[in-house]
Amino acid sequence: MASEPVNVNEFQELARQALPKMYYDFFTGGAEDQHTLKENVAAFRRIMLRPRVLIDVNRIDMSTTILGYKISAPVMIAPTAMHQLAHPEGEVATARAAAACNTIMILSNMSTSTVEEVASSCNAVRFFQLYVLKRRDISAQIVHRVEKNGYKAIVLTVDTPRLGRREADIKNRMVAPQLRNFEGLLSTEVHTDKGSNLEALVKGMYDTSLSWEDIGWLKSITNLPILIKGVLTHENARKAVEVGVAGIVVSNHGARQLDYAPATISVLEEVVHAVGGRVPVLFDGGVRRGTDVFKALALGAQAVLVGRPVVYGLAVNGERGVRRVIEMLKDEFELTMALSGCPSVKDITRSHVTTEFDKPRSML
């Protein structure tokens, strides 16, 4: 490595150099024109900070609590698929990094390490992200394994009845590896001459009939709290609370599903207002700086999820790379808190940011 990266964004170019083109394109790409992919990051730049001065910031406390579990900072690891494409140790390395940083990792249903391997790799709080399959019995078996192995919550992804059109994967004829959580239950080997094997795999596996009524089914087979990931509107946020979820993740799936869906930071406040404090709201999409973490919290998120940067760190330097990415975001977030006059996360308020939708403030 010619020089150590000094911010999270610099890991992306290093990951591009480290990974085969097919895998780099898989991790970095979005849907269709990739408009939403760009907007997820760009929308943060249109939010300005309103710092307070002459406040004692000698001690900064970044810690927060998610579903009763204390973490060192409101920065969690988002569920992303197939980490062994980025590094041989895959999700096990990511899990160890999360534990070292005292934060929560959400393991992907489409992981290349098993639920059991990740659970036994280190002692930490972790959640599990679930896709409901056409074979509901297999989904139920996986949920039971998750519960047995000490995972603390289910994060149900609800924005993927079908896979978004990811044109880089189609051009590259993306080949999905064996997905270990399904071994002995379901074959995940797919061969197609019509583009992405991953698209064909999802088409054969995922339950396109999944609806709000099925939240009740999921609650009936587990005692774990259920969060839903993929909410972008106040209508869906209210419905989620009505059906009894334990939390909501504002997410557009890293802009990999529906292009021209809104940037998640632009709709976060809409969801927060609809929920009205009844359940925690987590945020996913476009976080690249500690200032982004601060902005999301100011707009009502309890914590942010970080996806692609974690994978880039993994590709560059395994567990150490993931730790460095999380540490960079935490360090920047701590500095932002200090310079904004916020000694603790509870001190971060809506008045600390201004968005493009805010009315101009009157001037004295």
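This is a predicted model: local features need pLDDT of at least 70, side-chain atom pairs count only at pLDDT 80 or more; totals for chains, interfaces and linings use all residues.
Reader: Why is F26 called buried?

Author: Buried means under 20% relative accessible area. F26 comes in at 3%, so F26 is buried.

Reader: What makes F26 and F27 a tilted pair?

Author: Two numbers go into that. The ring centres are 5.2 Å apart, and the pairing limit is 6.5 Å. The planes make an angle of 55°; under 30 degrees would be stacked and over 60 edge-to-face, so this one lands in the tilted class.

Reader: And why is the pair of F44 and F283 called edge-to-face?

Author: There the planes are 90° apart and the centres 5.7 Å apart. Over 60 degrees counts as edge-to-face, so that's the name. F44 belongs to helix α3 and F283 to strand β10, so the contact ties together parts 239 residues apart in sequence. By the way, the whole structure holds five aromatic pairs.

Reader: How do you know that the charged end of R256 is placed over the ring of F26?

Author: Part of the test is distance: the CZ of Arg has to be within 6 Å of the ring centre. For R256 and F26 that distance is 4.9 Å, and the charged end does sit over the ring. R126 does likewise with the ring of Y151, at 5.8 Å from the centre.

Reader: What makes helix α4 mostly covered?

Author: Eight of its eleven residues are buried. Among them are G90, E91, V92 and T94. The buried residues of α4 pack against β4, β5, α5 and α13. Just after the helix, N102 has a positive phi of about 55°.

Reader: Which residues touch the most other members of the largest nonpolar core?

Author: I248 and L268, in a core of 106 residues. Helix α13, residues 308-340, gives the most to this core, with 13 residues. Beyond its sequence neighbours within four places, I248 is in contact with residues including I228, V231, V271 and L282.

Reader: What makes a residue such as A153 part of a second core?

Author: Membership takes burial plus side-chain atoms within 4.5 Å of another member. A153 is in a separate set of 14 residues, which also includes L227, L282 and L305.

Conventions: Residues are numbered from 1 along each chain as its sequence is written. Side-chain values use heavy atoms; hydrogens and water are left out. Buried means under 20% relative accessible area, exposed over 50%, partly exposed in between (1.4 Å probe, protein chains only). Helices (H or I, at least four residues) and strands (E, at least two) are DSSP runs, numbered from the N terminus. Contact means heavy atoms within 4.5 Å. Rings of Phe, Tyr and Trp (its six-membered ring) pair if their centres lie within 6.5 Å; planes under 30 degrees apart count as stacked, over 60 as edge-to-face and the rest as tilted. A charge sits over a ring if NZ of Lys or CZ of Arg is within 6 Å of the ring centre and within 35 degrees of the ring normal.
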